[in-house]
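Please look through the sequence and the model below before reading on. The paragraphs that follow will lead you through it step by step.

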Amino acid sequence: MDSGVSWADINNQVDRLVEQLDKKAARRYRIDLIKRMAIRMEEFELANCEICVSNQLILVGLIGSIQQLKETGGKYDSVQRKAIVTMTEHLKNEHKLVEKDFYTSQYMAIGIALGAGIGVALGAGVDNLAAFIGVGTALGAGVGVAVGAGADAKAVKEGRTI
Ligand SMILES: [Zn+2]
């Protein structure tokens, strides 16, 4: 399927949106992710992935949606959100990519969750359990960020990020 739109056109339109959107709107429409996805999809299309070829049309539609939505500041509807998830899932599952900073956010969440557990274990039987939970959570978050950042740096080095 050929959308009739070139990747150069798509990248130009995305770059224009990046310039036009303020920080909040950029986050709302996940424009950085869309920019990185476009780069990856072009690579995989060149490597003959038919799904990335088809997804180009979805991406074009999404970019058009952002151009409309930014006028009113509206949010994505469920279909637009699903379009992003569908495209990122394809890049993750078929092309073995991870989202930028994926490991940091994952390990930090794990560290915080298990950190509370460590605090509970360390603080078992003492009066001031809340303080131990606080220490454990901080410890877990710190270790989680360190481990996650290392894994993210590795992913970037190996060219595995969206
Ligand atoms: Zn693909």
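**A walk through the helices**

R30 lies in the loop between α2 (23-28) and α3, where helices such as these are DSSP runs of H or I with at least four residues, numbered from the N terminus. Residues are numbered from 1 along each chain as its sequence is written. This is a predicted model, in which local features need pLDDT of at least 70 and side-chain atom pairs count only at pLDDT 80 or more, while totals for chains, interfaces and linings use all residues.

Although R30 is not a glycine, it has a positive phi of about 50 degrees. In general, most residues other than glycine have a negative phi. R30 is partly exposed, with 17 other C-beta atoms within 10 Å; a residue is called buried if 20 or more other C-beta atoms lie within 10 Å of its own, exposed if 12 or fewer, and partly exposed in between, with C-beta atoms placed from the backbone. A positive phi, near 65 degrees, is also found in D101, a residue other than glycine, and D101 lies in the loop between α5 and α6. D101 is partly exposed, with 15 other C-beta atoms within 10 Å.

The axes of α3 and α4 come within 9 Å and cross at roughly 155 degrees, where axes are lines fitted to C-alpha atoms, for helices over the stretch in contact, and angles run from 0 to 180 degrees between N-to-C directions. This angle makes α3 roughly antiparallel to α4, a term used for angles over 145 degrees. The contact is made by I34, M37, A38, M41, F44 and E45 of α3 together with C52, V53, N55, Q56, L59 and L62 of α4, two residues being in contact if their C-beta atoms, placed from the backbone, lie within 7 Å.

The largest nonpolar core has 16 residues, and those with the most contacts inside it are I34, M37, A38, L59 and I63; such a core is a set of buried Ala, Val, Leu, Ile, Met, Phe, Trp, Tyr and Cys residues joined through C-beta atoms within 7 Å. The elements that give two or more residues to this core are α1 (7-20), α3 (31-46), α4 (50-72) and α5 (78-93). Not counting residues up to four places away in sequence, L59 touches I10, M37, A38, M41 and M87.

Finally, helix α6 (residues 102-122) and helix α7 (residues 129-157) pack at an angle of about 155 degrees, with their axes 6 Å apart. That makes α6 roughly antiparallel to α7.

Technical notes: Parallel < 35°, antiparallel > 145°, perpendicular 65-115°, else oblique.
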